[in-house]
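Reader: I am new to this structure. Please take a close look at one part of it, the aromatic rings, and tell me how they pair.

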Amino acid sequence: MQRFKPLGKDLIPLMKKKGLVIILWLFIGSTLSAQSISDIVLSRDAKKIAFIKGRDSLFIKNIAIAEKPVFIDSGLRDNGNQRFLTWTSDSESLIYEKGENINLYSCKAQTTKLLHHKYLDSLSLFQFYLIQQTAVNNQDELFFSAGLKNQPSIPSQLFRLNIKSGEIRQLTDSPLHVSNVSISKDQKYVAYASYNFTDNTPQTKITIIKPGSGEVLAKTGLYNGSFFSELKWSDDGTHLLAIDSGNNTKVLIFDRRKGLKEGPALKLSSNEKPVAFYNKKSILYTDTKSGKSRIGIYNLADQTKKIIVGNGAGYLSYNGDPKKRQLYFLTESPKQPKSLLKTVVEGDRVGEINFLYSFSGKNRLQEYEHVTYWYGNLDGDSTSSQIYFPKAFMPLSEKKYPLLVVPYGGYNTSYPDFGYFLNDVVFDYLDQGYIISFPNTRGIDYERQTDNYGKLQLEDTEKLIHELSSTYSIDQNRIIALGHSHGATMVYYYLTHSSLFSGGIAINGAADWIKQAERKSMAGLPFGMGGMPAELKAKYEEFSPLENIERLKAPLLIIAGKEDTQIPYDLNAVAFYNKAKESGKKVKLVVFNDEGHLIDTFTNKQVLKQEVKAFINGNSEK
């Protein structure tokens, strides 16, 4: 196997590449994210945060003073993810990646500079999901993993970059891919995780080195079936928390003479995730068993657990200084926007909770009632769906309320992203007297569904609607399905395989499942069907909406972007419309010539709203 040559003070030319971005999809899938604020990083002095908005734009907010967030850069969407994002030790500069270049933004100078080195541009920065691949020490040296372009057989390695001088040094010559890194609080040790895959099963190990020379001080053997997404040191540098992307997190004890050995096993459920050391005797963990995230303390010795912060608290950062012990956390719900708060933890008690910042200046949903509705899906598991009610909703009245069903809504604990064009359309109908339902179904949280794509979603959605109808006053003649992308694909399927709906609106969805599956450009087709059309001809003909137009009984509004490369409009929207019109079906097609998969421009969004309004007002009766 060809490897990196150890560099020391000499460097070999390295090539850029786009990275192994898909590896962790084997474990975490592609969860739907309803919130546009992500990758929040607290500075070391806890006075500033950096965050990504709309998966694309970078902002910095000084939470110590009342000022608006400062826009730093855009175009980060092309990175694939934003794990390459970290503050310098003095909290005055932010390091981030854009287009596989390392940028340094100075808060004092309010300028961004590209970090140059004659070999730095030839490195390919690894693009992992949910991996903490960078760390910065007190000398402003950046530790990060990188690989080689077009040579995936050569493992990625760990590098150290001096931010001020530009000096770069390769620290490892590992036969395994180096993925992530962490520096002990006293700056004496660097821990990193490395891995390989055998038969799609990860094998991962932890190594501790000296940050200056790269000398190996201790290492574990290979852990089969584990992939460590983050490493956290205890304050005294004697314990290391290797957080697994599944449920195989390890507590490791480090001694310079004895090396690394496993500490006590963690007795936590799949819904309880370790996040950091509280001290070397206890760890902080998040708990989502209740449907709302909470933060607790887990005692390593007696395995006792105690929730210390509830009400949807999501962990962000913890300062273990005995004089402070400040816990920073986020709260968010389908009705309340994401906010940043902090508290002081003493023992297993918390002090006063202080509100620091809300990521939304206005809560558009404040005046509406909302419930998280749990129902049993047809696999026997419990599934949650978000239900919003109009202002004048009277649950016990004889009045019947129309229902707007949004497939692939996906909200579990997230506040809807109103920067997403579909939400901007949908929530207007609360003021039109509609109940709005975002059905979570089997296959919605992970795009790893391997069979019966569409059929499972429809079964669960119909079951949910029947339950809602027995609980609330639903007008059975005014149930409309509205969706975009995967959601629109479900709208096509629902209206050609069910008589429950009075109408449907499909925006950039797949109607010809045979031709769409052959493109392999969306996760549900062919992967959610269990195979390719050539292998499952009869099944595709049974499922594909285009092949079942004769069963279309309700009116359908089809909206498409001509520039959509993921779900081409001609193969799907146009083909379905033409065939439906030939069959005498009630369909309308609106094509935006200058839009792709999203509807982005202000003018087109207004046209979209008008078309949806006209359709709903004119076709809400069966």
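Author: The structure holds 30 aromatic pairs. Rings of Phe, Tyr and Trp (its six-membered ring) pair if their centres lie within 6.5 Å; planes under 30 degrees apart count as stacked, over 60 as edge-to-face and the rest as tilted. One of the pairs joins Phe-51 and Phe-59. This pair is stacked, at 5.7 Å centre to centre and 15 degrees between the planes.

This is a predicted model: local features need pLDDT of at least 70, side-chain atom pairs count only at pLDDT 80 or more, and totals for chains, interfaces and linings use all residues. Residues are numbered from 1 along each chain as its sequence is written, and side-chain values use heavy atoms, with hydrogens and water left out.

Phe-51 has 3% relative accessibility, so it counts as buried (under 20% relative accessible area; exposed is over 50%, partly exposed in between, with a 1.4 Å probe and protein chains only). Phe-59 is buried too, at 16%.

Tyr-388 and Phe-427 make an edge-to-face pair. Their centres are 5.1 Å apart, with 85 degrees between the planes. This pair links distant parts of the chain, 39 residues apart. Tyr-388 is in strand S33 (residues 382–389). Phe-427 is in the loop between helix H2 (421–426) and strand S35 (435–438). Helices (H or I, at least four residues) and strands (E, at least two) are DSSP runs, numbered from the N terminus. Both Tyr-388 and Phe-427 are buried.

Back to Phe-51 and Phe-59: they form one aromatic cluster with Phe-71, Tyr-357 and Phe-359.
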